[in-house]
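This report describes a protein chain in terms of its secondary structure, packing and local backbone features. The sequence and structure are shown first, and the account follows.

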Amino acid sequence: HFLTLVFKKNIEYVVCYEKNRDNVKYKGVQKNSASNDPFTKPQNSIKILKFPAGSIHTTLNDGVYKKGVYGTERFPNELLNDLIVENGLNKNDVEFSNKFIWTQDTLNHNLKENLRVDLSRQLVLSYKKSNYNPECPPNFIDASVGVDTTENAGAYLETLIGSKSFDYPKPVSLMNYLLKFKDDKDAIILDFFSGSGTTAESVFSLNSQDHGKRKFILVQIPEACSENSKAYEAGYKTICDLGEDRIKKAGKKIKEEAGISAVDLDVGFRVLKLDSSNMTDVYYNPNSMDQSLLDMLVGNVKEDRTPLDLLFQVMLELGVELSAKIEERTIAGKKCFVVNDNDIVACFDNNVTDETIKELAKINSLYAVFKDSSFTNDSSNINCEQIFKSVSPSTIIKVI
């Protein structure tokens, strides 16, 4: 009898890139070797490398190597100054001339990374990369480094949102593992294919663990859920709907589990939709203008846009983060907004009164923003400018 085993190829690849290897924990995959590697290659050009004191391990415990040419006629290694050895290390800076594989900058960088340099009795230089990069990840990202499977991640998501609505979501543990390579508690994490929102939960989780202030930006096309899908049956019309609900429930769960240690944990987020400009198209050829168009041009803001729509557009234009604190106030019967305490004050109601303007001016904001229709006429617009000039002269007034 023969037993036939069938193996299923089921490996997903995670490809990571880094912009500056000095600013991340993950230094890049290095060759691990039990033996030493040569510093030279026959095809290389002659270079001079300077080794600082204490960087070379020698077979000689104490003594002096005189400057001169060592090695063989084919592979000469020239010592350019006397090398003084004390306790098995070079006591002084020494220079060698040879067909080195590295430049001085590369050598200096690798020495900072605890590269071990050895010098043989024949004065042959070599280096060792064994254990050079202990944080280099393994070939497989699995349970050995605390990363769960997509199957288990799916079961967890089903428990979290109460429905099996997303196939093979990324495990939170995978995102935690990858994000930890960036040793920055204030990092902004961008996920351009956010799916069920795993990245957001990972950010919440990490911030809960180390009291970080990481932020996330998730981008997802509002792809419709199939009417035959579990997600649709659970009430999710789009993937974005599912992700939004998952982030809310994940934040609540993490805060509850962390207890008192999560008092300052921020699990808030905003959902923004990309749309066309809030402003109407008012560009007409003069020959096409007639009396009937004048009524259409009274307001330059599209009728279906809300005050918040206008506020977010203004925040983008003025360089204020969309995650900034927004406080809504009612001042003299008008709805007003205060962004980041005093970055922006705004009112997009019609016929704004002097009373409202005076109260807004007292905030001493960087910017004050109004709609063109906030003023009944040019004189009221001028009056607004005079009020701010008197109360808060440094405020910049913008009218949209």
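Predicted model: local features only at pLDDT ≥ 70, side-chain atom pairs only at ≥ 80, totals over all residues.

## Structural report

At 58% relative accessibility, Tyr 168 counts as exposed because the threshold for that class is over 50%. Tyr 168 sits in the loop that links helix 2 (150-161) with helix 3 (172-179). Its phi is positive, about 50°, although Tyr 168 is not a glycine. Asn 364 is likewise not a glycine and has a positive phi, of about 55°. Asn 364 belongs to the loop between helix 9 and strand 17, and with 41% relative accessibility it counts as partly exposed. As background, most residues other than glycine have a negative phi. A glycine with a positive phi is also found: Gly 319, which follows helix 8, has a value near 75°.

### The chain as a whole

The protein chain contains ten helices and 18 strands. Of its 400 residues, 36% are buried. The accessible surface comes to about 25,200 Å², and carbon and sulfur atoms account for 51% of that area. Among contacts between residues at least 6 apart in sequence, 60% join residues at least 24 apart.

What is the strand order of the open sheet of five strands? The order is 14-15-16-17-18, and the pairing is mixed. Strand 14 (326-331) and strand 18 (396-399) are the edge strands, each pairing on one side only. On average, neighbouring strands of this sheet are turned by 20° against each other, direction ignored.

Within the sheet, strand 16 (residues 344-347) and strand 17 (residues 367-370) pair in the parallel sense over four bridges. Ile 344 has Tyr 367 of strand 17 as its bridge partner.

Helix 9 (residues 354-361) lies across strand 14, strand 15 (334-339), strand 16 and strand 17, and runs at about 145° to strand 14. Helix 8 (residues 307-317) contributes the buried residues Leu 310, Leu 311, Phe 312, Gln 313, Val 314 and Met 315. The buried residues of helix 8 pack against strand 14, strand 15, strand 16 and strand 17.

| Strand pair | Sense | Bridges |
|---|---|---|
| Strand 5 (residues 68-71) and strand 6 | antiparallel | four bridges |
| Strand 6 and strand 9 (residues 94-98) | antiparallel | two bridges |

Strand 5 and strand 6 form a hairpin with four residues between them. Val 69 has Glu 78 of strand 6 as its bridge partner.

### Packing of helix 3 against helix 4

Two packed helices are described by the angle between their axes and the distance between the axes. For helix 3 and helix 4 (residues 198-210), the angle is about 60° and the axes are 9 Å apart. The crossing of these two helices is right-handed. From helix 3, the residues that take part are Val 172, Met 175, Asn 176 and Leu 179. They meet a set of residues in helix 4 that includes Thr 198, Thr 199, Glu 201, Ser 202, Val 203, Ser 205, Leu 206 and Gln 209.

### Cysteines

How many disulfides does a search of the whole structure find? The search finds zero. Two cysteines illustrate why. The sulfur of Cys 240 lies 9.1 Å from the closest cysteine sulfur, that of Cys 225, which is too far for a bond because a disulfide requires the two sulfur atoms to be within 2.5 Å. For Cys 384, the closest cysteine sulfur is in Cys 347, at 9.9 Å, again too far for a bond.

How values were computed:
Residues numbered from 1 in each chain as written. Heavy atoms only, no water. Pairing = 2+ DSSP bridges. Axes fitted to C-alpha atoms, helices over the stretch in contact; angles between N-to-C directions. Contact = heavy atoms within 4.5 Å. Buried < 20%, exposed > 50% of the residue type's maximum accessible area, 1.4 Å probe, protein only. Areas by Shrake-Rupley, 256 points an atom, 1.4 Å probe, with all protein chains shown as cover. Left-handed = near helix turned anticlockwise from the far one by under 90°.
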